[in-house]
Amino acid sequence: MNFQNIIFETKENVAELILHRPPLNILNISMIKEINSVLEKLISQTELKLLVIKSTGKSFSAGVDVGEHTKDKVNEMIKTFHQMF
(Lines give C-alpha, C1' and ligand atoms only; values in the text may rest on other atoms or scores of the structure.)
Protein backbone atom coordinates (compact mmCIF):
# COMPACT_ATOMS: atom_id res chain seq x y z
CA MET A 1 0.00 0.00 0.00
CA ASN A 2 1.20 3.49 -0.80
CA PHE A 3 0.49 6.13 1.81
CA GLN A 4 1.00 9.90 1.84
CA ASN A 5 0.52 10.58 5.58
CA ILE A 6 1.63 7.45 7.39
CA ILE A 7 4.28 4.78 7.20
CA PHE A 8 3.23 1.19 7.83
CA GLU A 9 5.56 -1.75 8.32
CA THR A 10 5.27 -5.28 9.65
CA LYS A 11 8.13 -7.42 10.88
CA GLU A 12 7.34 -10.91 12.07
CA ASN A 13 4.41 -10.50 14.49
CA VAL A 14 4.83 -6.75 15.08
CA ALA A 15 3.22 -3.94 13.09
CA GLU A 16 4.32 -0.30 13.19
CA LEU A 17 2.00 2.52 12.21
CA ILE A 18 3.95 5.77 12.01
CA LEU A 19 2.20 9.14 11.77
CA HIS A 20 4.13 11.02 9.10
CA ARG A 21 2.93 14.61 8.68
CA PRO A 22 5.79 16.43 10.39
CA PRO A 23 6.38 18.54 12.25
CA LEU A 24 3.12 18.21 14.24
CA ASN A 25 1.36 15.21 12.65
CA ILE A 26 -2.00 16.97 12.55
CA LEU A 27 -4.73 14.47 11.71
CA ASN A 28 -6.59 15.41 8.55
CA ILE A 29 -9.29 13.37 6.81
CA SER A 30 -6.79 11.84 4.40
CA MET A 31 -4.48 10.70 7.19
CA ILE A 32 -7.35 9.28 9.24
CA LYS A 33 -8.56 7.30 6.20
CA GLU A 34 -5.07 5.84 5.78
CA ILE A 35 -4.97 4.87 9.47
CA ASN A 36 -8.43 3.29 9.16
CA SER A 37 -7.37 1.25 6.13
CA VAL A 38 -4.41 -0.18 8.06
CA LEU A 39 -6.54 -0.96 11.13
CA GLU A 40 -9.14 -2.71 8.95
CA LYS A 41 -6.38 -4.85 7.44
CA LEU A 42 -4.95 -5.75 10.84
CA ILE A 43 -8.24 -7.03 12.25
CA SER A 44 -7.95 -10.26 10.30
CA GLN A 45 -4.25 -10.86 10.99
CA THR A 46 -4.46 -13.36 13.83
CA GLU A 47 -0.67 -13.87 13.90
CA LEU A 48 -0.11 -10.21 14.85
CA LYS A 49 1.02 -9.83 18.46
CA LEU A 50 1.67 -6.10 18.76
CA LEU A 51 0.80 -2.80 17.08
CA VAL A 52 3.17 0.08 17.80
CA ILE A 53 1.91 3.57 16.98
CA LYS A 54 4.55 6.28 16.83
CA SER A 55 5.37 9.37 14.82
CA THR A 56 8.00 11.35 12.99
CA GLY A 57 8.54 15.04 13.64
CA LYS A 58 8.38 17.33 16.64
CA SER A 59 5.32 15.89 18.39
CA PHE A 60 3.27 12.72 18.33
CA SER A 61 0.16 14.58 17.14
CA ALA A 62 -1.21 18.05 17.70
CA GLY A 63 -4.77 16.78 17.19
CA VAL A 64 -7.21 17.08 14.32
CA ASP A 65 -6.98 19.62 11.54
CA VAL A 66 -9.32 22.47 12.51
CA GLY A 67 -9.10 23.67 8.90
CA GLU A 68 -11.27 20.68 8.01
CA HIS A 69 -14.01 21.64 10.46
CA THR A 70 -15.98 23.45 7.80
CA LYS A 71 -19.64 22.95 6.99
CA ASP A 72 -18.81 20.88 3.93
CA LYS A 73 -16.22 18.65 5.68
CA VAL A 74 -17.18 18.38 9.35
CA ASN A 75 -19.54 15.40 8.94
CA GLU A 76 -16.92 13.45 6.99
CA MET A 77 -14.26 14.37 9.57
CA ILE A 78 -16.38 13.17 12.50
CA LYS A 79 -17.48 9.95 10.78
CA THR A 80 -13.94 9.09 9.64
CA PHE A 81 -12.45 9.92 13.05
CA HIS A 82 -14.98 7.74 14.90
CA GLN A 83 -14.16 4.80 12.62
CA MET A 84 -10.69 4.62 14.16
CA PHE A 85 -12.23 3.53 17.43
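Predicted model: local features only at pLDDT ≥ 70, side-chain atom pairs only at ≥ 80, totals over all residues.
1. Residues are numbered from 1 along each chain as its sequence is written, and side-chain values use heavy atoms, with hydrogens and water left out.

2. The protein chain has two helices and three strands, arranged along the sequence as β-β-α-β-α. Helices (H or I, at least four residues) and strands (E, at least two) are DSSP runs, numbered from the N terminus. The C-alpha trace spans about 45 × 30 × 20 Å along its principal axes.

3. The three strands form an open sheet of order β1-β2-β3 with mixed pairing; two strands pair if DSSP finds at least two bridges between them. β1 (6–11) and β3 (50–55) are the edge strands, each with a single partner, so one side of each has no neighbour in the sheet. From one strand to the next the twist averages 15°. Axes are lines fitted to C-alpha atoms, for helices over the stretch in contact, and angles run from 0 to 180 degrees between N-to-C directions.

4. The pairing of β2 (residues 14–19) with β3 is parallel and covers six bridges. Glu16 is opposite Val52 in β3.

5. Helix α1 (residues 29–43) lies across β1, β2 and β3 and runs at about 20° to β1.

6. Where does Asn5 lie? Asn5 is in the segment before β1. Asn5 counts as buried because its relative accessibility is 7%, the classes being buried under 20% relative accessible area, exposed over 50% and partly exposed in between (1.4 Å probe, protein chains only). Apart from neighbours within four places in sequence, the residues in contact with Asn5 are Ile18, Leu19, His20, Arg21, Asn28, Ser30, Met31 and Glu34; contact means heavy atoms within 4.5 Å.

7. For the whole protein chain, 26% of the 85 residues count as buried. Of the contacts between residues at least 6 apart in sequence, 69% join residues at least 24 apart. The accessible surface comes to about 5,700 Å², 54% of it belonging to carbon and sulfur atoms; accessible areas come from the Shrake-Rupley method with a 1.4 Å probe, and for residues only the protein chains shown count as cover.
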